[in-house]
Amino acid sequence: MGEHELRDEVLAAAAAWVWTPYDATVATSDDVTVVVHEGKGTVQRADGGDPARLVTQALRLTGANGGDAVVFVVHPLTTPAHLGDELTRLGSEIVGEHDICAYDLSEGLPELPVPADVTIERVDTPEQLAEAYAVAAEAFGQPLPSPEFAAGEAAELAQQVAAGLNARAGSEDEGPAEMGTAGAERTIFRYLARIDGRAVGSAGLTMDDGVAKLWGGGVLADARGRGAYRALLAVRLAQAATLAARFALTRARIGTSSPILRRAGFVAYGREVQHQLPVRRASAEHYRSLPHKILGSGAVFFDESGRVLIVEPSYKDHWEIPGGVVERNEPPLAGAHREVLEELSLDRSLGRLLVVDWSPPRGRRTVDLMAFVFDGGVLTEADVAAIRLQPEELRGYRFCRVDDEVNETAGLLPPILTKRVAAAVRARAAGVTVYLESGDPIDGSVTPSQG
């Protein structure tokens, strides 16, 4: 394999290398896939040429699934090519840099002398897996995996061990178990390094389409420099060669494992940079501090002569249109429908929005009000006959002429509502929706109907 060909294959394999923890949440949009785990979202897929759009989607997906930060891994094949520049512009923090390193196994295995007091064993049991977790957690300063994660990996380990045993049963050359030369059906391997019997290091290997991916190589701080990492590297390369891997691939930490790997013959073909952005969202305290408004919602109904229905409340000294206060977390349209059903016993689908009217605090009402008025449509004689008033709230109703010449609601409705009803009638006739303040149109407020 030529050097340029190998470089292209190495970078492509590194770009495609993703991993989803067993206890993670996977969130997807049309352009982005984010894996949220332990409060952090990692972008696994980002398709499209607009980096701002990709970043926005990743942040929203992460925040919606309980994450506090999102990580983009930028590498030589990242598209769009200027994604890293956009992340930098947004103030991203660099939380990791790794060399994309590979070893061409066609050149044979490197010389990696292992001290006599270092032993290597393949992880095949839940007990060994627990030891590997403890070593990795201490070596990398990370928490132990969750019970859900551990159970998922234990089940996968059992499957991998069974696959290896099945393959070995059909092979004349089993190979030494400590070197992990299990049959080709096994694709995931993990190893423990011991010094004087104590577990001091762990590392993993995954075979994927002829590429040996080396991961999770870590050694306890007090055991570094004693050959444990070198021994873990040697056993994984030997396993990769046994399984006919074309090359071994790893992401090596700058300043720690990368120099060791280069001395062993690995070549750095590029660099991955991990950009982290915080998920910025308003706190619950912020929302609790926001001002409150009352939302009112009602409907204008017409008889077959075009007159407007108004109702007489038993608890007020003026008339109203059917409607009332929108309840918590209730849409205005649903609120108007509910109020009409409660007050008139009419279960009707309401039409489009005719008016939105803002009303300032007034009298004992110390907060402002947003009122929505929907088109209730025409009531036939049968509809009118079906009206049953809510006795605890209403004691009567009537129809009033409202047009450019006469407004019979005046003197019955409050002045603001009189103007609001007249505006609703005009908006219905013109096929528009209008915005009012205190019942009066605001310049530029008339918009074509979308209904």
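Colleague: Which residue of S11 stands opposite Gly-96?
Modeller: This is a predicted model, where local features need pLDDT of at least 70, side-chain atom pairs count only at pLDDT 80 or more, and totals for chains, interfaces and linings use all residues. Residues are numbered from 1 along each chain as its sequence is written, and side-chain values use heavy atoms, with hydrogens and water left out. As for your pair, the residue across from Gly-96 is Gln-274.

Colleague: How many bridges join S5 to S11?
Modeller: Strands are DSSP runs of E with at least two residues, helices are runs of H or I with at least four, and both are numbered from the N terminus. Two strands pair if DSSP finds at least two bridges between them. S5 and S11 run antiparallel, and the number of bridges joining them is 9.

Colleague: What is the strand order of the whole sheet?
Modeller: Picture an open sheet of 11 strands with mixed pairing. Its edges are strand S1 (25-28) and strand S6 (118-122), each of which pairs on one side only. Reading across, the order goes S1-S2-S3-S4-S11-S5-S10-S9-S8-S7-S6.

Colleague: Over in S9, which residue stands opposite Ser-202?
Modeller: Here you're looking at strand S8 (residues 198-208) and strand S9 (residues 211-219). These two run antiparallel and are joined by 7 bridges. Opposite Ser-202 you'll find Gly-218.

Colleague: Which helix lies across S5, S9, S10 and S11?
Modeller: Look for a helix covering residues 3-16. The strands it lies across include S5 (93-104), S10 (247-253) and S11 (267-278). That helix is H1.

Colleague: Is His-98 buried or exposed?
Modeller: His-98 lies in strand S5. Contact means heavy atoms within 4.5 Å, and beyond its neighbours within four places in sequence, His-98 is in contact with Arg-251, Ala-252, Arg-253, Ile-254, Gly-270, Arg-271, Glu-272 and Gln-274. Buried means under 20% relative accessible area and exposed over 50%, with partly exposed in between (1.4 Å probe, protein chains only). Because its relative accessibility is 14%, His-98 counts as buried.

Colleague: And what about Ser-349, buried or exposed?
Modeller: Ser-349 has its place in the loop between H9 and strand S15 (353-359). Its relative accessible area comes to 70%, so Ser-349 is exposed.

Colleague: What distance separates the C-alpha atoms of Ser-349 and His-337?
Modeller: Along the chain, Ser-349 and His-337 are 12 residues apart.

Colleague: Leaving aside neighbours within four places in sequence, which residues is Pro-51 in contact with?
Modeller: Neighbours within four places in sequence are left out of this list. The residues in contact with Pro-51 are then Pro-80, His-82, Leu-83 and Glu-86.

Colleague: How far apart in space are Pro-51 and Leu-87?
Modeller: In sequence, Pro-51 and Leu-87 are 36 residues apart. Going C-alpha to C-alpha, the separation between Pro-51 and Leu-87 is 8.4 Å.

Note on methods
Axes fitted to C-alpha atoms, helices over the stretch in contact; angles between N-to-C directions.
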